[in-house]
Amino acid sequence: MRIPAHSVCTAIRDDIVAGVYERGGRLTEELLARRYGVSRVPVREALRTLEAEGFVVTRRHAGACVAEPTEQEASDLLEMRMLLEPLGAARAAQRRTEAHLKVLRGLVRLGQERARRGNSEDLRSLGGWFHETLAQASGSPALTSTLAQLRHKIAWMYAVEAPADPAESWAEHGGIVDAVARGDSERARAITALHTERATAAHRLRFPGNGDRPERVRTSQHPVNMTGPRH
């Protein structure tokens, strides 16, 4: 069975974000194919995609390597997200479906419940799903794709402190959904802008300056030879 290139791409990207491959490290097709249990063809396609996304660079005499973004590039990503997340929420207020609203409301209920219990790991995952669904509700595939790439790259470059008051954060999520449900694009934009600004303040660079790098994680999180694509 031929493993889809997008599954290999997702696996390599996830492992770059998790620190399996250190910044600047080589990514050889042969070793990647062996690690993920695939041929070199989907690996080659995946590396091209990851280079276009900014996770991989091709260097003379070295081939494909993990990118080494600068502090300015990392800062730019946060600024881009602060501009695009509110735009996505405003578009969602105009274009969302009832299915989107159902999922968003369900996530807010779960988030508020977990916030009361203090389960930070669940809250991190739920927050990611919430913002992914909100972006999808914008009805703009280009915006959705761009925001997804930003989230991946920000997770790679930054560690995020848990909010001091998770209940307040999820109250903001609830306010966004209420505005989206009413079709109030300006309200949705304003609340999301405030929410994103507060979240941005909790980000800390994993790779400050040109010095220390994170401890390398030596075990891949997942194989790729599976029956269907990963999400």
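1. Start with the length of helix 9, residues 185-200, in this predicted model. Helix 9 has 16 residues. At 1.5 Å a residue, these should span 22 Å. The C-alpha atoms at its ends are 22 Å apart, so expectation and model agree.

2. Which residues of helix 9 are buried? They are S185, A188, I191, T192, H195, T196 and T200. Buried here means under 20% relative accessible area. These residues cover an arc of only 165° around the axis, so they lie on the same side of helix 9.

3. Now look at a pair of helices. Two packed helices are described by the angle and the distance between their axes. For helix 1 (residues 5-18) and helix 7 (residues 141-157), the axes come within 7 Å. They cross at roughly 35°. Helix 1 makes the contact with R13, I16 and V17. Helix 7 brings H152, A155 and W156. By class, four of the contact residues are nonpolar, one is polar and one is charged.

4. Finally, check the strands. Strand 1 (residues 56-59) and strand 2 (residues 63-66) run antiparallel. How many bridges join strand 1 to strand 2? There are four. R59 stands opposite G63 in strand 2. The two strands form a hairpin, with three residues between them. Find H61 in the turn: its phi is positive, about 70°.

Methods:
Residues numbered from 1 in each chain as written. Predicted model: local features only at pLDDT ≥ 70, side-chain atom pairs only at ≥ 80, totals over all residues. Heavy atoms only, no water. Axes fitted to C-alpha atoms, helices over the stretch in contact; angles between N-to-C directions. Contact = heavy atoms within 4.5 Å. Nonpolar A, V, L, I, M, F, W, Y, C, P; charged D, E, K, R; others polar. Expected span 1.5 Å × (residues − 1). Buried < 20%, exposed > 50% of the residue type's maximum accessible area, 1.4 Å probe, protein only. Arc of directions from axis to C-beta. Pairing = 2+ DSSP bridges.
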